[in-house]
Amino acid sequence: MSAVLPVTQPVPFEARKRAPYRVMPGFKLSLGFTIFYLTLIVLIPLSALFLKTFTMTWEGFWSAVTSERVMASYRLTFGASLIGATINVIFGGIVAWVLVRYRFPGKRFIDALVDLPFALPTAVAGITLTALYSSNGWIGQFVEGTLGIKVAFTPIGVVLALTFIGLPFVVRTVQPVLEDAERELEEAAASLGASSWQTFTKVVFPTVMPSLVTGFALAFARATGEYGSVIFIAGNMPMVSEITPLFIITKLEQYDYAGATAIAVVMLVVSFLMLLGINMLQAWARGKSGK
């Protein structure tokens with residue numbers, strides 16, 4: 001006598017759609033570990049920074065963060081970071097486009113060169129840029145002698161160093177988006193009579209704009225805290241080419257820990273607000289594009 005097998009009812013599609021699929025079970029454990037890790041690595045150090053600043057009086061804090069020399073370093077640091085990130089958005093986007101859309105000899109070599117600022121120690125990058133762009137350097141003697149533009153030991157050198165270290169963030173953010181972009185849309189636009197400029201502004205640019213904004217934010221955040229590649233080429237002249245991270249180091253060498261943390265808190269707050277604004281702009285752009 002054959003056994004009767006129970007008939008299993010199929011799971012309705014709506015129930016299967018509502019049921020979450022988890023590759024790694026244990027959401028509560030994973031969330032707890034995530035919060036613990038972020039608290040240990042991020043929140044506790046930042047909290048210590050604020051707590052050290054709270055030991056100062058309001059007058060002492062205001063005097064430390066608004067002195068003429070500190071304000072000059074703010075203008076140079078944030079201004080050069082914005083300029084460097086903007087340059088990287090323009091030319092980094094072009095580099096990503098060339099690497100994705102064209103085939104040419106030496107493409108893999110150029111693709112590897114993009115990551116060089118990631119692997120190169122920042123001090124080595126600063127020494128190299130200084131040697132190249134100083135008055136007697138290979139490039140500097142031509143630029144200064146022919147164009148009359150001095151690069152090393154000026155704010156221009158600071159912008160150059162920050163542009164150098166921020167390029168990979170833009171290229172590596174835009175590159176995968178261009179690789180996943182549907183070229184059929186570009187072909188359809190061209191078949192409907194759209195010009196190359198119209199295809200770029202109406203089809204390509206809206207697709208890559210969120211990634212460009214993300215790359216800009218990453219390059220800007222990296223540049224504001226850069227130290228090693230800047231101190232050699234900047235010249236570190238007060239009121240001229242002194243960046244805020246160097247001024248913080250100077251305060252620490254003078255054992256003015258409260259003053260150093262006060263300046264660091266200002267940089268932290270300003271950077272956070274700018275990154276928050278950029279992220280909100282990115283979310284708005286994604287919502288507008290329907291992604």
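## Exercises on a predicted helical model

Salt bridges link Asp111, Asp115 and Arg172 into a network. The model examined in these exercises is a predicted one.

**Exercise 1. Determine which parts of the chain are brought together by the salt bridge between Asp115 and Arg172, and decide whether each partner is buried or exposed, or in between.**

Step 1. The side chains of Asp115 and Arg172 meet at 2.8 Å, N to O, where a salt bridge requires a distance within 4 Å.

Step 2. Asp115 is found in the loop between helix 5 (107-114) and helix 6, whereas Arg172 belongs to helix 9, so that the pair links distant parts of the chain, 57 residues apart.

Step 3. Asp115 has a relative accessible area of 29% and is partly exposed, and Arg172, at 25% relative accessibility, also counts as partly exposed.

**Exercise 2. Among the five salt bridges of the whole structure, examine the one between Glu242 and Arg69, and state what it ties together.**

Step 1. As a general point, side chains of opposite charge can pair when their charged atoms come close.

Step 2. In the salt bridge between Glu242 and Arg69, the distance from N to O is 2.7 Å.

Step 3. Because Glu242 lies in the loop between helix 12 (228-234) and helix 13 (244-253), while Arg69 lies in helix 4 (residues 68-101), the pair ties together parts that are 173 residues apart in sequence.

Step 4. Buried means under 20% relative accessible area; Glu242, at 5%, therefore counts as buried, whereas Arg69, with 32%, is partly exposed.

**Exercise 3. Carry out the accessibility assignment for the salt bridge between Asp256 and Lys251.**

Step 1. The side chains of Asp256 and Lys251 meet at 3.4 Å, N to O.

Step 2. With a relative accessible area of 17%, Lys251 is buried, while Asp256, at 27% relative accessibility, counts as partly exposed.

**Exercise 4. The structure holds six aromatic pairs; classify the geometry of the pair formed by Phe118 and Phe169, and locate both rings in the fold.**

Step 1. The ring centres of Phe118 and Phe169 are 5.1 Å apart, with 90° between the planes; since planes over 60 degrees apart count as edge-to-face, this is the class to which the pair belongs.

Step 2. Phe118 sits in helix 6 (residues 116-119) and Phe169 in helix 9 (residues 155-180), so the pair ties together parts that are 51 residues apart in sequence.

Step 3. Phe118 is partly exposed at 44% relative accessibility, whereas Phe169, with a relative accessible area of 17%, is buried.

Step 4. Two further ring arrangements can be inspected: Trp58, Phe61 and Trp62 are linked into a cluster by ring pairs, and Arg101 lies over the face of Trp97, at 4.4 Å from the ring centre.

Note on methods. Residues are numbered from 1 along each chain as its sequence is written. This is a predicted model: local features need pLDDT of at least 70, side-chain atom pairs count only at pLDDT 80 or more; totals for chains, interfaces and linings use all residues. Side-chain values use heavy atoms; hydrogens and water are left out. Rings of Phe, Tyr and Trp (its six-membered ring) pair if their centres lie within 6.5 Å; planes under 30 degrees apart count as stacked, over 60 as edge-to-face and the rest as tilted. Helices (H or I, at least four residues) and strands (E, at least two) are DSSP runs, numbered from the N terminus. Buried means under 20% relative accessible area, exposed over 50%, partly exposed in between (1.4 Å probe, protein chains only). A charge sits over a ring if NZ of Lys or CZ of Arg is within 6 Å of the ring centre and within 35 degrees of the ring normal.
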